[in-house]
Amino acid sequence: MDVFEELKRITETLGRFPRHADLVKLKEFKVRNYIINSKIKISEYAEFIGQKTARPKDYWTEENILKECKKICDECGGWP
């Protein structure tokens, strides 16, 4: 299996680079398992095929986690 070709195909289908949840929803278990078992992060696969992920790989700092939680609380009207 050429994981890069599979990711390109899935990206074309979705119109964006897939997340792990997208691979499960699309029943692309072989691709997902290949990525999980490799030493390469999914964000690095995106870079290899010229795509971007939703968040940069250094995004999840304590400050950004709190900011994202606050955004969810504001949307829900409180802690979910």
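1. A salt bridge here is a side-chain nitrogen of Lys or Arg within 4 Å of a carboxyl oxygen of Asp or Glu. Side chains of opposite charge can pair when their charged atoms come close. By this rule the model has seven salt bridges.

2. Some ground rules. This is a predicted model, where local features need pLDDT of at least 70 and side-chain atom pairs count only at pLDDT 80 or more, while totals for chains, interfaces and linings use all residues. Residues are numbered from 1 along each chain as its sequence is written, and side-chain values use heavy atoms, with hydrogens and water left out.

3. Start with E5 and K8. They form a salt bridge, with the closest N and O atoms 3.7 Å apart. Both residues sit in helix α1, residues 3-14. Three residues separate them in numbering, about one turn of the helix. Helices (H or I, at least four residues) and strands (E, at least two) are DSSP runs, numbered from the N terminus.

4. How exposed is this pair? E5 is partly exposed, at 44% relative accessibility. K8 is partly exposed too, with a relative accessible area of 36%. The terms work like this: buried is under 20% relative accessible area, exposed is over 50%, and partly exposed is in between (1.4 Å probe, protein chains only).

5. Helix α5 spans residues 62-76 and holds both E68 and K71. Their side chains meet in a salt bridge at 3.4 Å, N to O. The two are three residues apart, about one turn of the helix. E68 is buried, with a relative accessible area of 11%. K71, in contrast, is partly exposed at 40%.

6. D74 is exposed, with a relative accessible area of 53%.

7. Which residues form a network? E6, R9 and E28 are linked by salt bridges.

8. What about disulfides? The structure holds zero. A disulfide is a pair of cysteine sulfur atoms within 2.5 Å. The sulfur of C69 lies 6.6 Å from the closest cysteine sulfur, in C73, so the two are too far apart for a bond. C76 is in no disulfide either; its nearest cysteine sulfur, that of C73, is 7.1 Å away.

9. C69 is partly exposed, with a relative accessible area of 28%. C76 is exposed, at 52%.
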